Amino acid sequence: MKQLPLIIILICSLFLSGCVEREILDDLYVETGKAYDYVGENKIRGTSLFPIYLSDKSIQNGTLSAEASSTREVLEKLERRAQQPLVRGSLDVVLIGDKLAKKGIIDIGDSLQRDASVGARLYVTVVEGDAGELIKGNYGLRGNGTYISNLITHNIQRRELPETNLHLFLFNYFQEGKTSYLPILKQLSNESIAITGVALFDKDKMVKKIPSEDMFFFKILVDKLAEGSHVIKMGKKSGASEETVEASVTSLISKHKIKIKHKTDPVEVTMKIKIRGIVREYTGKKLTPDKVGEVEKKMEKDIEEKCLAMLKEFQELGIDPVGIGQNQKHGVRGFDIKEWKESIYPRAKFNVDAKVQILEAGTVE
């Protein structure tokens, strides 16, 4: 009698399994990447990327392209050109050409979020130039979609790229008090890609690029560093006309806090940034405690100057990737976001207060 419930469950599972339509992986085109480009006359070109598994266990990158006036029509045309069903459930990345990004990309984002088979943690990126050409390259051994996805993940976790995905982009787009940003990719060769900056958006239109050399400062404004590195230029070496002393600070951990004085006119916004790290390399003669103090002060000065310049530029553009407005919207009772955007934020005074702590020193060259 004790085995009766188990027997019933087994019988039910046999009947239920017959109700599900089975599909063989080799009989599908499982999309891992998608690229969209503006081609003129209100038309976009969509390029679908899917892996083709060969008999020797290697992976070939298959692509299909179609042009239409909307993302939905692009999908329909791609389906008509595919010899096997296109499945979006394994989509890793969506690449958008910079021309299209400057015209607006919310139609693409809306199409992706309405598809239940697409994960919210999908990476969306902007491409310098033609996204369709980039996705047709030959990167790594595991397929282009996996390669690009891993490239972005690595730079978020260990480098200067702020956390980003489809969910975060749409969340910032639809809420008030913060504007969106996405990573920018560039094809260096048919076998190589690099992250060259961060695209800033006003609603769904790209309005500004943060270059790669400033990504460190942008990340400490909008995100937290869990691991990273930064090189500090300390000045010229004694007795040398060209060579400069450099300190490489690594294993960086950062956090920031926004402080706002509402009763001042104009409103005063202070970004407090705290960073801890280790000096791994120093090209000077000797890294004494006094020199460590100089590294801390120089790094604090660099952060304060660069971040202050960024905040003022965001203010001039009328964008808020840092989320200062969002911070006040959720932290101040009776806060009027419309008044903040129209009359308070454009006149606000910014300050940056950076504190750097060097925990230990490493090698000296």
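Modeller: A search of the whole structure finds ten aromatic pairs. Rings of Phe, Tyr and Trp (its six-membered ring) pair if their centres lie within 6.5 Å; planes under 30 degrees apart count as stacked, over 60 as edge-to-face and the rest as tilted. One of the pairs, Tyr-29 with Phe-50, is stacked, at 4.0 Å centre to centre and 15° between the planes.
This is a predicted model: local features need pLDDT of at least 70, side-chain atom pairs count only at pLDDT 80 or more, and totals for chains, interfaces and linings use all residues. Residues are numbered from 1 along each chain as its sequence is written, and side-chain values use heavy atoms, with hydrogens and water left out.

Colleague: Which strands hold Tyr-29 and Phe-50?

Modeller: Helices (H or I, at least four residues) and strands (E, at least two) are DSSP runs, numbered from the N terminus. Tyr-29 lies in strand E1 (residues 29-30) and Phe-50 in strand E3 (residues 43-53), so the pair ties together parts that are 21 residues apart in sequence.

Colleague: Are Tyr-29 and Phe-50 buried or exposed?

Modeller: Buried means under 20% relative accessible area, exposed over 50%, partly exposed in between (1.4 Å probe, protein chains only). Both residues, Tyr-29 and Phe-50, are buried.

Colleague: Where does Lys-103 lie?

Modeller: A charge sits over a ring if NZ of Lys or CZ of Arg is within 6 Å of the ring centre and within 35 degrees of the ring normal. Lys-103 lies over the face of Tyr-38, 4.6 Å from the ring centre.
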